[in-house]
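Colleague: Before we discuss how this chain is folded, could you put the model on screen so that we can go through its parts together?

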Amino acid sequence: MSRTWHVLGVGSLGALWACRLDRAGVPVQLLLRNTARLQAYHDAGGLRLIEGDQTRVHCLPATTANSDEPITRLLLACKAYDAQAAITRIADRLAPGAEVILLQNGMGSQQAVARMLPQARCLYASTTEGAYRASDFQTVFAGQGLTWLGDADPGRAEAPVALLADLVQAGIAHQWTDDIESRLWRKLALNCAINPLTVLHGCRNGALADHPDEVAALCAELAKLLRACGQTAAADGLHEEVQRVIQATAANYSSMYQDVDQGRRTEVDYLLGYACTAALDHQCEVPGLQRLQARLTKALHKP
Ligand code: NAD
Ligand code: KPL
């Protein structure tokens with residue numbers, strides 16, 4: 001019998017994982033923010049996963065984060081800026097050696113959460129899958145992709161075999177890596193090169209092809225920063241990959257563009273903010289990134 005997967009952060013990705021695990025017969029328990037959310041979940045009659053023209057309902061057991069059942073495996077799937085507050089609510093329920101997957105974009109929040117959980121085995125995840133909420137407790141699986149997973153402690157190489165077996169059973173495409181930091185840095189750099197510019201130019205990813213010098217200069221600075229941080233593999237071929245992603249996702253609006261467009265808070269502090277702080281820490285000059293951050297901050301705080 002598999003360990004129960006507790007899911008905290010039942011939004012787009014949390015629901016996507018929960019439904020696929022449930023479909024494969026893996027036990028899942030949802031952790032909702034409070035009794036109002038729990039009631040809303042019961043009123044909705046479960047989670048709905050929409051894939052193409054198919055909608056499946058998953059009536060998963062759910063409690064509030066306040067219940068006291070011990071947790072041995074947790075998926076934390078909230079936004080980076082909510083991660084620490086969310087984990088605080090359930091930290092004392094985590095059994096010694098509990099596995100905790102941190103599925104946040106950018107960097108900084110995962111490391112902060114891992115420091116809060118010395119009793120747990122924290123795993124970082126970086127995904128290229130795409131999902132969005134059609135409405136409350138209804139998730140659309142919008143883009144196939146791959147999820148990289150690796151230990152927060154780079155010295156701990158052995159893969160969590162039973163956890164990965166559940167992912168195989170659930171059909172969640174994934175790859176274990178001994179160097180997840182490199183994957184997180186690379187994704188952060190891609191997001192820093194693309195997302196802020198789409199907000200400032202008010203455009204789809206593809207339209208950045210009309211700003212080749214701006215993109216090239218940002219990629220050069222980001223690669224310099226990655227090298228200064230000891231992330232050589234993440235730096236290699238960055239500009240080429242950014243150009244490929246711009247082309248491959250030409251018709252899409254970046255996640256940051258969508259957050260701004262829909263009046264949601266962005267994860268910029270964990271992307272460009274993290275990059276600029278790392279540059280200061282490593283005494284690496286990144287004037288272009290700093291200008292970009294200043295322009296973005298101004299644009300985001302426009303009344
Ligand atoms: P989301 O906003 O759809 O879902 C987050 C959920 O967490 C929400 O339901 C929110 O209510 C819940 N939450 C927040 N604080 C909570 C708390 N204290 N207790 C309980 N629940 C709480 O976000 P998402 O799109 O699923 O993204 C999650 C992370 O994955 C983000 O960092 C995002 O950048 C990253 N990501 C998302 C996608 C995607 O396609 N959605 C793709 C790649 C990466
Ligand atoms: O991950 C992305 C996002 O929009 O957040 C891509 C498509 C890579 C653009 O940076």
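Colleague: For residues 5-153, what share is helix, what share is strand, and how far apart do the end C-alpha atoms lie?

Modeller: This is a predicted model, in which local features need pLDDT of at least 70, side-chain atom pairs count only at pLDDT 80 or more, and totals for chains, interfaces and linings use all residues. Residues are numbered from 1 along each chain as its sequence is written, chains are lettered from A and ligands numbered from 1 in the order in which they are written, and side-chain values use heavy atoms, with hydrogens and water left out. The unreviewed UniProt entry places "domain: Ketopantoate reductase N-terminal" at residues 5-153, an annotation that may be inferred rather than shown by experiment. With helices (H or I, at least four residues) and strands (E, at least two) taken as DSSP runs numbered from the N terminus, the span is 26% helix and 41% strand, and its end C-alpha atoms lie 21 Å apart.

Colleague: Which residue stands opposite Ile50?

Modeller: Strand 3 (residues 47-51) and strand 10 (residues 138-143) pair in the parallel sense over 3 bridges. Within strand 10, the residue opposite Ile50 is Val140.

Colleague: Which residue in the turn of the hairpin has a positive phi?

Modeller: Strand 9 and strand 10 pair in the antiparallel sense over 5 bridges, and Ser135 stands opposite Gln138 in strand 10. The hairpin has 2 residues between its strands, and the one in the turn with a positive phi, of about 65 degrees, is Phe137.

Colleague: In the open sheet of 8 strands, which strands are at the edges?

Modeller: The order here is 5-2-1-6-7-8-11-12, and the pairing is again mixed. Each edge strand has a single partner, so one side of each lacks a neighbour in the sheet; the strands concerned are strand 5 (62-64) and strand 12 (174-176).

Colleague: Are helix 6 and helix 12 roughly parallel or oblique to each other?

Modeller: Axes are lines fitted to C-alpha atoms, for helices over the stretch in contact, with angles running from 0 to 180 degrees between N-to-C directions; on that basis helix 6 (residues 180-201) and helix 12 (residues 287-300) pack at about 40 degrees, with their axes 10 Å apart. Angles under 35 degrees count as roughly parallel, over 145 as roughly antiparallel, 65 to 115 as roughly perpendicular and the rest as oblique. The two helices are therefore oblique.

Colleague: At what angle do helix 3 and helix 4 pack?

Modeller: The contact (heavy atoms within 4.5 Å) is made by Ala83, Gln84, Ile87 and Thr88 of helix 3 and Ser109, Ala112, Val113 and Met116 of helix 4. The axes of helix 3 (residues 83-90) and helix 4 (residues 109-116) lie 9 Å apart, and the packing angle is about 20 degrees.

Notes
Pairing = 2+ DSSP bridges.
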